[in-house]
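Notebook open, model loaded. I'm jotting down what I looked up, one entry per topic.

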Amino acid sequence: MAKRTLVIDLDRCSGCDSCVVACKFENGIGLGNYYNHVKPINPAGKHPDINMYWLPIQCQQCENSPCVAACPTGASYRDPDNNVVLIDKETCTGCKTCLAACPYSDPTGAVRPSVRWFNEELGVMEKCTLCNHLTATSDGVENTEDTTDAAHAVPPCVHNCSCGARSFGDLDDPASGASKVLAAAEAAGRGIHTIEAEGVTPACKYILSAEIADWRGLGE
Amino acid sequence: MQETTLTRRSFVKAAAVAGAAVAVGSTVAGCVDTGGSSTGGGAATTTGKAMYGSVCHGCIQACPCKVYLEDGVVVKIEGHPDAPTSIGSLCLKGLNQIHTCYSPRRVLYPLKRTGARGAENAAFERISWDEAVQLAATKIAEAIEQYGTYSFFCSVGGGGAYSFMQAMTMPMALGSPTVFEPGCAQCYLPRITEAAYMYGGADQSIADCAVLEPFKGLAPLEEAKGVSQDTKVIVLWAAQPSVSQTAQSGRGMAELRARGCKTIVVDPNFSPDAVKATIHLPVRPGSDAALVLSWYRVILDEKLYDEEFTKYWTNMPFLVNPETKLPWLATEAIDGYTPPADMPANTPVYVCVDENTGQVAALPFGDPATVSAEVNPQVLATATVKGLESKSCGQIYRDEAEPWTLAKAAEFCWVPEDRIRAAIDLYTSPLKEGKAAGIANGVATDMEETASQVPDGLMGLDMIMGYVNKPGATLTQNGPLPADGANPRPTMFWNGFGGMFGMMYGIGYEVGATEEANEARIAAIPEEWDPNGQLAPFMTQSTLWAMNQLLLDRLGMKNHRGLYNWCHSHIPSVREAIETGEPFKPRVWFDMSGNKFAVLGSAGAWYNAIMDDGVDFIICQYPMITSFQIECADLIFPLEEWLEATGASSFGQLNYAFPCPGIIHLGETVPNSVPSQRVVAAASAILNEKLDSVIFGATGQTMAELKLQFPLGMGVMGGSDSEEVEWAAQIASYSEVLGLGEGATKEDFMAALKDNHKAYNVTPPDQYWTYGQHLVKADDGLPMGFATESRKCEVYNQIHIKLSRTGFPYTYPREIGPIDPRVGTWGGDYSPICNVPVQKEAPEVANANGLALSDPEFPLALTSGRVYYFHHGTMRHAAFARELYPVPYVRINPATAAEYGIADGDWVEISSRRTQGTDYVHGTGIEQSYAGIKENNTKTAEPIRTKAYVAEVVAPGVLWMERFWNPESFDSTQSKKTGGWQQMNVNVITNAVDCNFNEVYGSYTNRGFAVNIKKSEKPEGVWTEPKEFAPFLPSNKNEYLPDDIGVLIENKALLTDIVAFPASTAEGGQ
C-alpha cells in the first residue's frame, strides 16, 4: 500500500509562507481558507539561550486515516490507485464529522493551524490533496527538464519552497523523492520526527537536527 | 555670453552620452495598447496555453521563473529549476505578482487629479498620454521660467519599477542638482562606497549581489561541472538573506548550511538566519561598532590576522602624521629619500617601522617576496617622525579598540562574552588552514549613525585576515582575470558610476593615477566633449568650472560628501529646502517610484512640508496607487509591472543570464524610462520657444545658460523612450541561444522562447569565478594591487581624511573646504576607522546589568527589518500576503511585555520623540543635529499602533517591527478615507530630522532608536481579517476609474471568461 506524503526538513525551513501561497494559487483557495500552514514554534528558553523552528503542517496522510472511517457519506476516501487521503467535494455534505476525528484539525475548521478547513462558500470540507491532480502517478523526483511531466511532478509547495525544505513521494518506494531525502537524513544521524497524536500514525515526516532546535512537535 | 550661439541653442536635448535616441516628438509606440489587444507590449501568444521564461523582480534580486499563460492571461508562475542560486525556488513575493499585475490598484492609464490633494476626497480622471506629457512639461517649464532650473527635482526608491538612472539624470538634464532616494545613504551607498575607498572592489552586501562567492557550486548543474563550494564560514552581520531575498540568497543560505558551512549571525532579532546560526550574537540595536572593535582588539592582540597580507597588502603598518592624519610619504618622512628608479609615480612609497631594525624605513609597494627582503613592516608600531610621535595605522586601530574588551563589549552590546569569543575563534579559524571566511554586511547599519564606521570595520576585518580575492571569501571579484603584464595599475574614478558624471561635468579625481595624469585628463575634457570641434569657442575650462557647480550645489554636499558617489542629495536637506526656500526652493517634483511616506524617515515631517509649505506640482510614475499618490500626486504616469516589462530584471543570477521579455501588457502602461524621456523632450520644446525673451530665474541661471549653449550629453540616461530598445537588447542577448538569425523581431523572439526554458546564457565558470586579481602582474612589472592611492587595502581609510577637508576626490580640481567640524567624529574629520560615536538615538546603557537605556521617557530600543511578505513599500495590497501578515507585529520579549502589561496579540501603541513635545519648527532640524542638541522635541506624528508578538525572539528592552502602510485605508469601501501611512508605519516615528546623521553619508536613523510602548486599541480603517482583503483581489475593476474605462485589459470579454482564478479566489468573501 503506497504511503504518499511530504517530508519536510526543518533545518532548512525559514518559515517564509511561500508554500502556503503556492498552494493557494494552485488550488484556487479563497481568503481565510488554507490547506497548509507554517507555525513558528517559539523559543522555550530564555533569551539569548533560545532555539526555535518553523513547523509546516498540512494533512499528515495518516496510515490509519480516522477521517475516512468517521465520514458518514464516504466523501473522505483514499485514492484507490495511490492511497492518498482525499475528500470528494461532490459527496461531502459539510457535516464536519471528520474535524472531530482528525487530531490535527481545529474543531471548527476555521482556526490556524488546522489541516482541514471548512469552505463556507461551497459548504464542504477541504484539505491538502498532495496536489493529486498533478502528482497522482509521480515518483516525486522532479523532472527539471519538464516540471509538468506527470511521472515526476511535485506539488508547487515543494517545487517553489524557498529553502529546498520540502520533498514528496511514496515512503514505501525507496526511489521516491521523499524516501531519498529521508534515507540521507537517517544516514547523517539527523533527527526524524512525526507530530504524534492519539490514535493516528501520520505518514508525514519532519527532519530536525538537535543542533538547530529541540523537537517540540506543535509546541504549546 | 556669445550672441552668435543664440539661434542654435536649445534648452536641452536628450542625446545622451550613452547614445539614446532623441525623444522629441516620439511616441510610445509598442507600449500603448490602443487596438484592443491584450498583449500590445508583451509579445506572448494570445491563444491557448504557453510557457515563457522570465525573471522575477519582486525584490532587489532576480529569480528566474517560468510563466504560464492561458489565452494571454498569466495563470501560474513557478521558479526556474536551472537557476544557479534559487534552484527552482520562487517565494511568495514572486508568486503574488499575479495579484499585483492584475490588481484593482493598478494605474493603467495616465491619471490627473481632479480635486484637492489629500486622500479623503481623492479623485482622478483618465487623460491621454499626450495630454499627460504636455501637462507635466508645462508645469516644469513654468517653474523653471519663473524660479530657475533648481526649482525642479526628482526622487526614486521605495520598491518596484526602479528608475535609478532616470531619476539622477532627469534633473541634471533640466539643470537641477536635486534628486533623492530613501535608500541610498540609508541603503547600500555607504557599503558600496566604503568598499571603493578601501580597496576598489566589490563590497560585502549579499542583497545587492556584491557577495556571490558563497553561492558558487550549489546548484546541481554547477556541481556537475565540478565547480567547488568554498565558503565554510560566513558572518552575516546585520543581514537576513532568508527573509529579504527569500528564494535567491535565502535558498543559497539553506544550501550552504546543508553543506556544513558554519554561520555567525549578528542581529538583534532571532531571524531565520539567526535561528539556524552556529553562533548568534543578538547585538543591542545601534551598538555594532563597539562589537566590531572588540573583534579587532582580540585579533590584533593575539595575532590571529594574516600577517603577510596585513604587512604587505594593507596600509596597517604605515606610520601616520598626527597633524595631517595621513600616512607619511617616504619623501616627507626620510631626509633625502628617493623612491626606487623602477617605482612608478602613481605608486607612492610610505613608511613603517622595520621590525628587524626597530627603525623607520621606507615601505615600497611590490611583491611581498621581494619587499620582505628589504623591510619587515611592523603592524603595531609608534615612532618619532620629523619630531612627531607617529603611530602606525594598526596602532591607531588598536588604540581605538582599547576600551572594548570582550567584557566591556558584552556589557555595552548585550551579548554574552563567551559568544563573542567563540564567534571570533570561528571567524578566524579558516586562516589556520590557509583558507578564507568572509563577512556579509547587511543594510541595518546603513540606517544608523555608524553607517560608515561599521562597514569600514567589517571590510577591514576581512582585509587583515587576508580574506580578499580568495576562494570562500566575500571580498571577491567576478569576471575574467586581467591579462598578465598587460594592464596599468587599477584606479578608481569618482562621481557617479565609474566616473560617468565626473566626465560629463568635468570634476573628480582618478585615484591611483598621478596628479599630472589627472590634470591632463581634466584639460582634455573639452576636446572629449567636442571631438568635431563644433563647440570649440565655448567649451573651455571656465565653462567646465560652471558646469561642475551643478554637482557642488547639490543639497547636503557641504557636510555629507559620500553622497557624491551616487550624485544624490541629502534627504533631510531637501525637506528643509522645501520648508524654508533655503538655499533654493524645490517646487515641481517628479517621483519615479512607490510610497514615499512608507519609506522616508520622519514621514510626518515630509507630509507637513508638502502640504504646508507647498510643492507646486507633483508628478508620479508607478504601477500602483500608494499613500503617496493618493495624498499628493497631481499627475500619474502608468508603469509596467515586471511581467509586462522587457528587461526589467536582466542582471542575472551568478554567472547565468535569463531572458526577461514583456510577456503581457495591460492598459497604457510603459517601461519606467519612458515618461521622463518624453517629459524632458516636451519641456525643452516649450522652453526653447522662450530662450530669447526669458531669464531663467536666479539660482539656476548659470547652469541654464550653459545648457543653452552646450546641449550635449545632458539627456535623461538609462532606458529609452520606448520599449523597442529593451526588446532589441533582449534579442541581441539571446538570439544565439534561441537560434535566431539577423533581423529577428520580438515576435520571432517570443515564438522561439515559447515553451522553451533552456534559452539562457552561462559564462564559463573559469571566466567568472576568479581570484588573486591583485597578484596579476601589471604593465609596470609590479603586482596589480588595488585601486587605492597606496595600491593596497586601506584599512585605515585615508580618503576619508582628504574628503572631509577638501572634497577630494569628488570635487577635484575644485576644493570646497572642510566640513562643519561638528559633523566629523575624528577630531572634526570623517573617521578613517571604525569608531563608536555618541549614541543619540538609543543612548548607552545606564546600569551595570546592561539591560536598560538611559532615556527615561523612551526606555526601549526599537529596530526594524524586512519580513518575507514585502519588499520595501511594495505588495501591501497583495491579499494572499496580507491575510497571512495583516499587521507588522512588534516583537517584544515576554519580560518586557509583562512589565508593560502587554499580552501576545494585544494591540499596542508605540511612541518616540517624534510623537510628543512641540510641533517641529521648520528648518531647524539639521542645525540642531550638528549642534548636538539632544533634548529635541520635534513632534511630527501621532504614535503608531500594531499588534504584539510576545516571544523570546528579542532581548528584554528591544522591540523589532517592520515598517508598514495600509492601502485599505483609502479603499472605496471606507467611510472615511486616509492615506494609510500613519497608523502602523515605523517611519513616522523614526528620526530624519535632528538625529546624529552619519558623518560621511548623512544617513539618518531608522534603526535602534528610543521608544516607549503601551497597550492600546485597533486603529481606524485597517483590515486584519482574511476576508476583509477581498477588494484587493483581481477583478474586472480598476477602482480609480469609472467601470467603463477601468478594465484590467481592453478586451473585457477575454478577461472575464479566461482568467483562471477559481471563483473562491477571485471573489472570496465579497
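I started with an open sheet of four strands in chain A, order 8-1-10-9, with mixed pairing. Strands here are DSSP E runs of at least two residues and helices are H or I runs of at least four, both numbered from the N terminus; two strands pair if DSSP finds at least two bridges between them. Strand 8 (166-170) and strand 9 (192-193) of chain A sit at the edges with a single partner strand each, so one side of each has no neighbour in the sheet.

I noted that this is a predicted model, where local features need pLDDT of at least 70, side-chain atom pairs count only at pLDDT 80 or more, and totals for chains, interfaces and linings use all residues. Residues are numbered from 1 along each chain as its sequence is written, with chains lettered from A and ligands numbered from 1 in the order written.

Next I checked strand 1 (residues 4-9) of chain A, which runs parallel to strand 10 (residues 205-207) of chain A, with three bridges joining them. Asp9(A) is opposite Ile207(A) in strand 10 of chain A.

Then I looked at the contact between the chains: 36 residues come from chain A and 49 residues from chain B (contact means C-beta atoms, placed from the backbone, within 7 Å). Helix 1 of chain A gives the most to the side of chain A that touches chain B, six residues.

Note on methods:
Contact = placed C-beta atoms within 7 Å.
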